[in-house]
Amino acid sequence: MIRAHPASKVKHAQKWLDLHVNDPDFFFHARWLKASKTESNFNDVAFERLWGMCQEDVENADVVLVYAEKGDVLKGAFVEVGMALAYGVKVVEIGCEGSWVNHEGVTRFETLEEALDSLRS
């Protein structure tokens, strides 16, 4: 089973939760997925705790999936990418732009399905 940490906008959390339940090849272990339901009520202390959990989750992942759809402006995902690269965790990018996608530790895919299929093989 592949331990995947998704890095995306919070609005995509349900996509990752659905994949976690329906795809036996992947374990989406990011704790931010559960916290995303109450994020609007977070204060600085709660966000500090959440970022500590994200760091642990990234460090323990097999892959970080960085996902964006048209119009998405990623912010926190870039922190997770930096963590992954520093820890030597594979980074897979879908739908993102910027010079960082050319880093040797980043693999690019056109679609999420292509990325997941490649990770399975």
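This is a predicted model: local features need pLDDT of at least 70, side-chain atom pairs count only at pLDDT 80 or more; totals for chains, interfaces and linings use all residues.

Please find H5. Leaving out residues up to four places away in sequence, H5 touches H29, A30, W32, C54, D57, V58, A61, V63, V64, L65 and E80.

Where does H5 sit? The residue belongs to strand β1. Is H5 buried or exposed? Its relative accessible area is 0%, so H5 counts as buried, the cut-off being under 20%. One distance to note here: H5 and W32 are 27 residues apart along the chain, and their C-alpha atoms are separated by 9.6 Å.

Strand β1 covers residues 2-7, and five of its six residues are buried, so the strand is mostly covered. Which strand does β1 run parallel to? The partner is strand β2, residues 26-28, and three bridges join the two. Within that pairing, R3 stands opposite F27 in β2.

L65 lies in strand β3. With 0% relative accessibility, L65 is buried. What does L65 contact, once its neighbours within four places in sequence are set aside? The list is A4, H5, P6, A7, W16, F28, V92, I94, L116 and L119. A separate figure concerns L112: L65 and L112 are 47 residues apart in sequence, and from C-alpha to C-alpha they are 8.9 Å apart in space.

Strand β3, residues 63-67, has a pairing of its own. Over five bridges, β3 and β4 pair in the parallel sense. V64, for example, stands opposite V91 in β4. Strand β4 itself takes in residues 90-94 and is mostly covered, with four of its five residues buried.

K34 is in helix α2, which covers residues 32-35. Is K34 buried or exposed? Its relative accessible area is 68%, so K34 is exposed, the cut-off being over 50%. K34 and R120 are 86 residues apart in sequence, and 25 Å separates them in space, C-alpha to C-alpha.

The other one is G76, in helix α4, residues 76-87. G76 is partly exposed, at a relative accessible area of 24%. In sequence G76 and S8 are 68 residues apart, while in space they are 8.0 Å apart, C-alpha to C-alpha.

Let me step back to the whole chain. How many helices and strands does the chain have? There are five helices and five strands. Read from the N terminus, the order of the elements is β-α-β-α-α-β-α-β-β-α. The radius of gyration is 14 Å, close to the 14 Å that the globule rule gives for 121 residues, so the chain is as compact as a globular protein of that length. Along its principal axes, the C-alpha trace spans about 40 × 35 × 30 Å.

On burial, 44% of the 121 residues count as buried. On contacts, if we take those with a separation of 6 or more, residues 24 or more positions apart account for 63%.

Conventions. Residues are numbered from 1 along each chain as its sequence is written. Side-chain values use heavy atoms; hydrogens and water are left out. The radius of gyration is taken over C-alpha atoms; the globule rule is 2.2 Å times the number of residues to the power 0.38. Buried means under 20% relative accessible area, exposed over 50%, partly exposed in between (1.4 Å probe, protein chains only). Contact means heavy atoms within 4.5 Å. Two strands pair if DSSP finds at least two bridges between them.
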